[in-house]
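Open your viewer, load the model and keep the selection tool at hand. We will walk through it together, one stop at a time.

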Amino acid sequence: MNTIIFDLDGTLLPMEQDAFEDTFYKSLHHYFQGLGYESEALKNALENGMTAMLENNGFQSNREAFETVIDTAYGKKASKFFRDYKKYFRKDFDIARLNTRPIPDAPNCIRTLQTKGYSLVLASSPFLPEEAILKELDWAGLSRHDFLYIATYENSCYAKTNLQFYRSLPKKIGRTPGDCLVVGNDVAEDMCAVAVGFDVFLIKDCLVNRKELDYCDCKQGSFGSFLEYVDELPVASEADS
């Protein structure tokens, strides 16, 4: 093993997932309504855009799947929508930060793994632009320079829980699933990586298990216990030998 693939929301950035999503979508709607967008049409466009990304079959990026829906919904006004969408993440997305609670253990964990020579990947479900992901990283006390690769809606053609997301991810960085450990807090979205050959570690501080799936065979524990696990890992070159 030489690569650690981290989820972000609820893993490196602890949060109450439902509260975070509720605040995010409310602030997004409030921002767009302030610019004159009709509420129901906006709601439908965003929901359909999310569905398009969830159902993406790999022939286009998630951004392109989302933009196709917006083009259909707004026609000639779509270009203005995309400009306003980018402005939202620069101006009002920080409101959602109120539902996060960054912890020192996350940066400490990243530093320890870097010192030991592990490659680090950030693989939150790629529904958002790079700018939004980088803001969340900043909230967690981390930066883009901490990671070899960061999944965003611009560079991803699948979403969790599509196993193609995990099949494609190591190829982007010249790895195999056997080289990698997936670390996340969502049983369905993160632990499914086992099915395509990844080792996994379930962080239970902000556990999400909406389908009540069995996870007894997974490595698991608090973020603190994961940090203990990391402390015991060999340097990456020895782990591969």
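Each stop below tells you what to select and what you will find there.

**Before you start**

This is a predicted model, in which local features need pLDDT of at least 70 and side-chain atom pairs count only at pLDDT 80 or more, while totals for chains, interfaces and linings use all residues. Residues are numbered from 1 along each chain as its sequence is written, and side-chain values use heavy atoms, with hydrogens and water left out. Helices (H or I, at least four residues) and strands (E, at least two) are DSSP runs, numbered from the N terminus.

**Stop 1: helix α2**

Select residues 39-54, which form helix α2. This helix has 16 residues and reaches 23 Å from its first C-alpha to its last, close to the 22 Å expected at 1.5 Å a residue. (The expected span is 1.5 Å times one less than the number of residues.)

Which residues of α2 are buried? Colour Leu42, Ala45, Leu46, Gly49 and Met53 to see them. Buried means under 20% relative accessible area, exposed over 50%, and partly exposed in between, using a 1.4 Å probe and protein chains only. Now look down the axis of α2: its buried residues fall within an arc of 95 degrees, so they line one face of the helix. The arc is that of the directions from the helix axis to the C-beta atoms. Here is a handy rule: an α-helix has 3.6 residues a turn, so residues three or four places apart point the same way.

Next, show α1 (17-34), α3 (62-74) and α4 (78-91), which are among the elements that cover the buried residues of α2.

At the N-terminal end of α2, select glutamate 38, which caps the helix. A side-chain oxygen of glutamate 38 lies 3.1 Å from the backbone nitrogen of glutamate 40.

Finally, pick lysine 43, also in helix α2. Lysine 43 is partly exposed, with a relative accessible area of 34%. Draw a C-alpha to C-alpha distance from lysine 43 to tyrosine 25: they are 18 residues apart in sequence and 9.4 Å apart in space.

**Stop 2: where α3 meets α4**

Two packed helices are described by the angle between their axes and the distance between the axes. Show α3 and α4 together: their axes come within 8 Å and cross at roughly 130 degrees. That makes α3 oblique to α4. Axes are lines fitted to C-alpha atoms, for helices over the stretch in contact, with angles running from 0 to 180 degrees between N-to-C directions. Angles under 35 degrees count as roughly parallel, over 145 as roughly antiparallel, 65 to 115 as roughly perpendicular and the rest as oblique.

Display the side chains too. Phe66, Glu67, Ile70, Asp71 and Tyr74 in α3 meet Ala78, Phe81, Phe82 and Tyr85 in α4; contact means heavy atoms within 4.5 Å.

**Stop 3**

Select leucine 8, in the loop between β1 (3-6) and α1. Is leucine 8 buried or exposed? At 0% relative accessibility, leucine 8 counts as buried. Leaving out residues up to four places away in sequence, leucine 8 touches Leu13, Leu122, Ser124, Ile133, Glu136 and Leu137.

Move on to serine 124, in the loop between β2 (119-122) and α6 (130-139). Serine 124 is buried as well, with a relative accessible area of 8%. Its contacts beyond four places in sequence include Phe6, Asp7, Ala151 and Phe165.

**Stop 4: helix α6**

Now colour the buried residues of α6: Ala132, Ile133, Lys135, Glu136, Leu137 and Trp139. They pack against α1, α4, β2 and β3. Following α6 is glycine 141, with a positive phi near 80 degrees.

**Stop 5: two backbone details**

Zoom to the peptide bond from lysine 160 to threonine 161, which is cis, with omega near 15 degrees. Threonine 161 lies in the loop between β3 (149-150) and α7.

Then select glutamate 212, in the loop between β5 and β6. Glutamate 212 is not a glycine, yet has a positive phi of about 50 degrees. At 71% relative accessibility, glutamate 212 counts as exposed.

Note on methods: A polar contact is a pair of N or O atoms within 3.5 Å; within protein, one must be able to donate a hydrogen and the other to accept it, and residues adjacent in sequence count only if both atoms are side-chain atoms.
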